[in-house]
Amino acid sequence: MAEYSALSLLKNALSGNRDWKPAWRKPDPKPNYDVIIIGGGGHGLATAYYLAAMHGITNVAVLEKGWLGSGNIGRNTTIVRSNYLLPESIRFYEHSMKLWENLSHELNYNVMFSQRGVLNLAHSPGQADDYIRRGNAMRHDGVDAEWLTPQEISRRVPGLDVSGSARFPIAGGLLQPRAGTARHDAVAWGYARAADRRGVDMIENCEVTGFLRDGDRIIGVTTTRGDIRAKKVAMAVAGSTGQVLKRAGVDTFPIESHVLQAFVSEAIKPFVNCVVTFGAGHLYVSQSDKGGLVFGGSLDFYNSYAQRGNLPVAEDVMSEICAMFPSVARLRLLRSWGGIMDMSMDGSPIITKGPLPGLYLNCGWCYGGFKATPASGYSFAWTIAKDEPHAINAPFTLSRFERGAVINEAGQGPTPKLH
Amino acid sequence: MSPRRTSAGGSIDRTRTIRFTFDGEAHTGHAGDTLASALLANGVSLVGRSFKYHRPRGVFSAGVDEPNALVTILREGVREPNIPATQIELHDGLRAESQNRFPSLAWDFGALNQLGGRLLGAGFYYKTFMGPVAGPLKGTRFWMMCEHVIRRAAGLGRADYEADPSRYEHMNAFCDVLVVGGGIAGLMAAEAAAKAGKRVILAEQEKQTGGFARWSGETIDAKPADAWAAEITARLSALDNVRLLTRTAVWGYYDGNTLAALERVNDHVARTPKGHPRQRHWTIRAGTVVLATGALERPIVFPGNDCPGVMLAGAVRRYAGEFGVLPGEKTVLFTNNDSAYQAAAAIRRAGGHVAAIVDVRKQIGDEATALATEAGVVPLTGHAIVGTKGGKALSGAVVQAFDADTGRLSGEARPIDCDSLAVSGGWQPVIHLASQAGGKPVWDAEKQAFLPPEPTQRWIGAGAFLGETGSVEALASGRNAGLKSADKRPSRAKLPETAPSALDLTPAPVLEIRGKGKAFVDFQHDVTADDVRLAHREGFVSVEHLKRYTTLGMATDQGKTSNVPGLAIMAAARGIEIPQAGTTRFRPPFSPVAIGALAAERYGDLKPERLTPLHDWHEEHGAEMTPAGLWHRPLAYAGAGETVEQAYIREASAVRRSVGLVDVSTLGKIAVKGPDAATFLDRVYTNTFSTLKVGKARYGLMLREDGLVFDDGTTWRLGETDFLMTTTTANAGPVMQHLEYCLDILWPDLKVHLTSVTDQWAGAAIAGPKARAVLERCVTGTAVDNDALPFMGIVHGEIDGAPVMICRLSFSGELAYEVYCGAGHGVHVWEALLEAGEPFGITPYGMEALGALRIEKGHVTGAEIDGRTTARDLYLDGMLSKKKSFIGSGLMDRPALIDRNRLRLVGVVSLDGQPLGGGAHLVESGNRDEPGDSIGHVTGYCYSPALEKYIGLALVKGGKTRHGTRAFLSDPLRKRFGQVEIVSHHFFDPDGERMHG
Amino acid sequence: MLIDCPHCGPRDLAEFSYQGDATRTRPDPASTDTQAWLDYVYNRPNPAGRHREYWQHTGGCRAHLVVERDTLTHEIHAVAPVRGNAKSGDAA
Amino acid sequence: MVERASPLGSDFRPGSYGDFANGAEVTILELDRAGIVEATAWPGQEKALCEALAGACNLRLSAGSGNGAANREGVCAFNIGPGRFLVSGPRETLAGQLESAVPDTIGTVTDLSHGRTVLGIEGPKAEWVLAKLFALDFASAAFPVHSGCATAHHEIAVQIQRRGEKRFELYVSRSFARSFANTLRRAAEDVGYTIK
């Protein structure tokens, strides 16, 4: 019997739920590992899992300064999609999508991936052309995408202001039916448990304070729980990339840390059945299984590590969601929070070997890290195991800036706040 | 008079009867009631159903901490779900509905979930619903089927799709001192600060100030406490430097001592007066904040503790004291501290009957004993409640001997007959705002409570917020906080007199009684003590894991009653102290805030409209308008029976044939003035402007620092040190900011001033072979012939008395001029041009025709300058000066940017006579179903009246090298596929003979 | 957040535009040192703690300011005009 | 002279609006300013610019953040940025007048006569209404009569001069004027307002 199943649930219920085992062990760190992964967030945990599951590398430690999943994996708006414009992005995120589609089975953990569709609303003929360009690019790469008319949108998403008199009338919408949402924490816990069952050590409350080096080469880390050595040290610390790199002597890097707020309303009965984004501003909303509307907008626009949002941006987001769904004005905001984004200079991630020998780097996720989690872990594990990138992460190098081969979805240039 | 209403006492007005309905049933209450107090007075104990198990629930608290009694309000034709009945002021015609039940509150199918029992423990959904790995339900299908059912069961109230008819507004306020909380500490603080001359705002979340004094029955300065509070409030209201905000919850403490508050302006009246807001969102910037937010009572967790009829002891006291409502006929109190004794006495004083006081402590003090005596009972010390009886209403409690030191129960459990059970687990200061301000709460082992952190912003605490529970302390700390906020030292003057209390509100460290049956920690989310222990067993032991795994504290009450008990149970399971188990960080909002209130004046008016001087003219002449950023621009002037496509073809043809007129007022216009203006332009443009002669214009190209194209436009040299730069409509703002950045930061030594003059000028482009003839008919004060006004020349003159500036430049490829006049003269000049053009059939044209003309001519716009293209991609290499450096020259030659196989500009011609489509891709393969990789995409298309074909501009790999080749247009989203020829993007008059003519 | 604009006095965050790291220096315009340009355009120290950064008072006097702000707490330690003349002439 | 069209449209017409049952507590009007000019000094020339403006317009204007002045002929000026002043008056000739009064060595002058619309708001609740739209402290101690500032309501840049204890003038870009006037009117509905 699988550890988790309807049957095991029944069996345990009958014994008063006293026999459930911890989702992951709480081991002390060993002095040596084959691979150390710094960062027990979604990407770090996924990397550990794929190292063990795909490459048979199980002598692995995941070092987490707080509790597992305490970074952006647990602070996002849970959207999973591969509706990108540029082929490099489409291929990467579509690889992720395919992993998502079987993830609950693979991990024996229900990550609640709900393929309810992501709908991007366009509000002018020009924007419609932009979205159609994107949808066509997806279709040419074998990814699902459809164009919906305002009437079709109105049927699918009641409550939207589809009137021609709206300040920004809806001209149409790009739908990716296979996209959707997943339960964010479950992804971290599912990967952690699956990695744990394969022998990976998850070590919480273990902050990396420095790097052990042999000449240029990174051979381990110093931590609040002692020195730990490893053949390979991998970083997946989005939000803190600059800070951890500084401890390795890398003082400047093409990343800025910015705070992004997210919001949730009180729980209500089913209201919106897919993820909807507003094109006349910057807003994305979906409804959680508990019933809260989960939504977010733009960055707070300045460098921050504070996980504290500001009020004007919250007001902007509220005004946009009301413009989209005029009935939402009467619902109440329950909670807001902030996450620290690794904003890269072209809006795309970096998954690569380097920048120092023995070091591997996974960072720069901007807004998009959650949906990337499986492919990020998959390709990063590949890169660590084989010392060369997988085809899907080959374009996401650090040297792309030097070469001018940036992957700039937003077309906004090297200004992180605009991505 | 209802059975539960006392005949006297409290602050309700028994002479005023208010009618309301709950679940369609008519009830009455009194002015001054809340919905909760009125329902209790009517003997309604079942008010709602819980989230997961759909268990029957009643009113649990009397304030903002209410977890159970959530209702939907039907008002002004719309539904407002999830409002705590404790926060609804009763008013005539109030209609409330219970939630999360079907078909009715009393008989709810969802209650079947209770049979699931242990199957539905914390996090059960992570372990199941994954479905089969193969077959029709593989992948995510099975889960999505389950989810469909789960989503309908979850959620609380139902929201409408009808637009909220309310008005919301924003208010900005500034003050020296913001006092949060209008209890006696807050009132003292406000008065002290006001007397010291400070500008004070006092915000109280309830309908009036006084807080606890309103129902405590205490005496201050020989007056009833509520009368004393009313007097100080009246004194404060009379002061010019004090603003009293009631019904105003301060819910957010942001950076820079900026606080957010929500004023419920008109929720307590049947109908919002016209022109007035329902709610008002305050942003208050305060020099200093006095946090006098009080404390909230927390319950003790025990089996059956969610039965309707179980309430907080302080709430029972308040219902008796403020509303004259007894929650039952026979009340049992259960406590770990002395405050329940005050509640017992209050019940007795209001004429109620106290059946027992059950106290986990072995011994109690004299004052508590005296209160028990007054209540008519001998306390059962060393006992605990271990269960309740009753389903939809409490009918009894079960009590057993209990050792608070060991947590052991002993002896026989025996029932006590009661219909009300009042519980006190001690008090937790309301430290949410202090935590939001930054800083970690501090656990006080003696007080068994989290106390405020060290301030990280400018705030001072007062009253029960500090963990002090007596009125004497509140009066003193309130006044001191007020003085300190005014930079004054504590005063030795006499404080208002009140009797010190000898009661011991320090609780025994007992927050859970373990026994058989479900014991709820988080009522609303149905999180039980066993769920917390299950989380512990499975390793979800950090407080954040606990919250996320069990959903403890995530409901609409945000764990106001459950956080501390939940932590205590986890700490006990781990064998550690509460502070080691951690505390969560509080985040805004303190209590839920209407989303519309934060949108405020932008609800219904998201963005301002930007109108050109000719806007009304366009609308009056049948133009279909299209948004362009904030602007509205005419798409085409379709006549009767004409489609937009027919209209633009007609308009564009008129330009090619004779003459047309288009509104170009939206172009960004920046005055660049000063001795270094030319040098400045040389640096920001890729080409040279210092060589431009006065009275001439030049097309310019700007790059970003990363070497990609930023914007283009013409810049006119009006004088030696005086330039007028034009930008694209979309980039007017960004270009201005870019130029200001360059001047302020990169080249502060340059003497240049920038001023946006976009709105100063109305602009009309007149284009077509007859354009000059039209100008000749109406322009005075200057010649407009080829000598006076050559290509890119500028002249000044008048049109029908209005001064104009005319530059001969062309976007359409025709002989064309841009005529600028003062914006206020825009319509006047436009109409004069139309009149002068009448003999030539002058035709106004819109964006579609403008687009068609520019595509024929191969001019680029935003679709090509999309932030990913280089000057070379657009074949604008010639614009890149080799004689000077400029913004972007440092990085524009990186290898991938000069790769020949990049997407580069070409023209495409439809070979099947069908339209192309913006956003369509181009492919090499003619297999419609498997078109293969994209080689590029169409950026703009039109029907070309000049070529009589559908043509377009495209960015394709390799660009020019594909001229003369065939490809296929592939547009699967619009189901279009067809052959095209790739050609030069200069479709029409490539040598420019027409515009130079 | 409030920023004390040297010209306008304390104003709400919403009136300002963030313009990024103020410690970068632009290479000599004629420089052909690509690495220097890359450092200027792409690389950032991104400190956790005090950060010198540019803000423009776009919703006010439009001047650029150098702000020293803590990225961990958002506390502002100093605000100065980029150009010397923000306090124009005699104070009021 | 060609008459200048107002951007406010036909909805902006005299009358009482909103909740004026107890009397309209503010008055809103479009002010006729034929001349509106921005004058900016080179660094170090701020005082000289002030003197030039003061001399040309007969104003008691001093340099410094937010300083402003007005004279009996209806000319007023206030500081809106470092070395930058907004000057307005009843005559179209203002720009020309200032161009000759401000030599190149002192600064530059830009005509905005058509580019700005000036709205006046007056009455006991003027501060209350304005506080809904601007994050500014309108108390007279913080914002004395004649002083001015540059601020914004979301996307709309607005320059404000206080012309009396209960009287303010708002300068808005012309293309935004109609939208802004509507926003201002809406904000005044709860206190009732009159358009003159």
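**Notebook: strands, a covered helix and a chain contact**

I began at strand 24 of chain B, where Thr331(B) stands opposite Ser420(B). Helices (H or I, at least four residues) and strands (E, at least two) are DSSP runs, numbered from the N terminus. I noted that this is a predicted model, where local features need pLDDT of at least 70, side-chain atom pairs count only at pLDDT 80 or more, and totals for chains, interfaces and linings use all residues. Residues are numbered from 1 along each chain as its sequence is written, and chains are lettered from A and ligands numbered from 1 in the order in which they are written.

**Strand 24, chain B**

Strand 18 and strand 24 of chain B run parallel, joined by five bridges; I count two strands as paired if DSSP finds at least two bridges between them. Strand 17 of chain B also pairs with strand 24 in the parallel sense, over three bridges, and there Val310(B) sits opposite Leu421(B).

Is strand 24 covered or open? Mostly covered, with five of its five residues buried. Buried is 20 or more other C-beta atoms within 10 Å of a residue's own, exposed is 12 or fewer, and partly exposed is in between, with C-beta atoms placed from the backbone. Ser420(B), Ala422(B) and Ser424(B) point one way, while Leu421(B) and Val423(B) point the other. In a regular strand the side chains alternate between the two faces of the sheet.

**Helix 6, chain B**

Next I looked at helix 6 (residues 313-323) of chain B, and 11 of its 11 residues are buried. Among them are Arg317(B), Arg318(B) and Glu322(B). Its cover includes strand 17 (310-312), strand 18 (330-335) and strand 24 (420-424) of chain B. Just after the helix, Gly324(B) takes a positive phi of about 60°.

**Chains A and B**

I found 89 residues of chain A in contact with 91 residues of chain B; contact is C-beta atoms, placed from the backbone, within 7 Å. Helix 5 of chain A gives the most to its side, with 10 residues. Strand 16 of chain A is joined by two bridges to strand 31 (residues 593-594) of chain B, and they run antiparallel. Arg332(A) stands opposite Ala594(B) there.

**A sheet in chain C**

Last, I traced an open sheet of four strands in chain C, order 3-4-5-6, with antiparallel pairing. Strand 3 (17-21) and strand 6 (76-81) each have a single partner strand, so one side of each is left without a neighbour in the sheet. Seven bridges join strand 4 (residues 50-56) to strand 5 (residues 64-70) of chain C, and Arg50(C) stands opposite Asp70(C).

Terms used
Contact = placed C-beta atoms within 7 Å.
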